[in-house]
Amino acid sequence: MTVPATPTDEESQSKEGSAYSDESEGGRFTFESVARIGPPDCGEPVLFYRRTATHGPVHGLISPRDAAEAAIYAIMAATAAIRPPAVWPGLCHRTAQIGRARRIRTRLGEFGEAVRAVLGDVSDRDIETWFDRWWENLHRRRMMLVREYVGHGPVRFTLTGRDHLDAALALGRGAILWAAEFIPQTLAGKRGLFESGIHAYQVSALFHGFRNTRFGNVFLNKPLVNAENRYLGGRLVFESDEAGMLVRRIIRLLKSGAVVILTNNNYAGRSFIQMPFGARGYTSMATTPIVLALMGKVPLLYMSTIEREPLAHYDIRFSSDLAAGEIAAGSASDDFAATARIALRARDELLTDLRKAPDQYRNWLPHARPIVRES
């Protein structure tokens, strides 16, 4: 997704880093370094890069994993229909044990590598414990969806930093919520916003949910999308050839005072920032939320949703406005240093939550090594 005046234009040659391209994700993308910013402009070395798709995503018709996913749903739905919510976490624990030996053998190593890259020296025992809890949390994410269809059960939300969001909305320019990829965010985060009176608009991909096949998107992902939509003011679906139109819709919504949620991940966009993350890891963030905030002088808040009690209590946290200082200083949307400083603030908020709930973070693996290596 691109917007006008992103910090990748030809006027920034004096700030450019070394040109470099790489192939990843099965050769689907090439990556080119655009600029490098560091002290004294910002506190740490930050690399700007552009991602270009070499071909579109490949979505198969159906996969054996689709059948496994459907079976898990059937088990959860049957149990939830006849048993009280108090037993649901135990069911998730049992379904998460299926195939554990194979997962430990094939997936624990890369999970541990990524966690240690960010959090430093973590014992083997803690890594395995977090990995098991992480997998169980993914099953509770499924049960969150089942709950929407067979009975909600008691759910409580605590909104930490709600005063930050209220102050942002009082400015009358809308607000961007940059949501971290914690497992409960998908459904519980939206429901918590809705029940607190915030009917936000979610920006999401066409294939949004549990499965990436065409069958899975229709029959397994669609129930999740429908459940989420109950708690949204609307959904903005992006595809690469519609990026400009989507950005214009986001700008119109913000001008009307709406709240727009963009997920902090690598799945959308062309322009990104790569930063050091934790002990020796890396993280990348799309520049789009920052550019939108600087262009429209729109408050940009980090948001996270973390489960405090299984399937019963969630904490939704909002940071202060990440862009307020840069907006007050008159920084433009093509200001590399301002963009980098905002991204570093978002990174620090994410790291704070990761240390509190490492087993609830959804997407550890990309943090083990840089996407773009400087030559």
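Residues are numbered from 1 along each chain as its sequence is written, and side-chain values use heavy atoms, with hydrogens and water left out. As this is a predicted model, local features need pLDDT of at least 70 and side-chain atom pairs pLDDT 80 or more, while totals for chains, interfaces and linings use all residues.

Let's start with glutamate 148, which sits in helix H5 (residues 124–150). Helices here are DSSP runs of H or I with at least four residues, strands are E runs of at least two, and both are numbered from the N terminus. Glutamate 148 counts as buried because its relative accessibility is 5%; the cut-offs are under 20% relative accessible area for buried and over 50% for exposed, with partly exposed in between (1.4 Å probe, protein chains only). Its side chain makes a polar contact of 3.3 Å with the side chain of arginine 191. That term means a pair of N or O atoms within 3.5 Å; within protein, one must be able to donate a hydrogen and the other to accept it, and residues adjacent in sequence count only if both atoms are side-chain atoms. Leaving out residues up to four places away in sequence, glutamate 148 touches Leu187, Arg191, Ala227, Arg230 and Tyr231 (contact means heavy atoms within 4.5 Å).

Next up is strand E5 (residues 175–179), where five of five residues are buried. Ala175, Leu177 and Ala179 point one way, and Ile176 and Trp178 the other.

Now for helix H2 (residues 88–96), whose buried residues are Trp88, Leu91, Cys92, Thr95 and Ala96. They lie on the same side of H2 because they cover an arc of only 130° around the axis, taken from the directions from the helix axis to the C-beta atoms. Their cover includes helix H1 (64–82), helix H3 (100–106) and H5.

Finally, the structure has six cavities of 30 Å³ or more. A cavity is a set of points on a 1 Å grid over the protein atoms alone where a 1.4 Å probe fits but cannot get out, and lining residues have an atom within 4 Å of a point. Grid points are joined across faces, edges and corners, and a volume is the space filled by probe spheres set on the points. The largest cavity holds about 90 Å³. Among its lining residues are Glu181, Asn264, Tyr361 and His367, and strand E10 (residues 281–286) gives the largest share of the lining, three residues.

Terms used: 1 Å grid on protein atoms, 1.4 Å probe; cavity = no way out; pocket = protein on both sides within 12 Å on 5 of 7 lines; lining within 4 Å.
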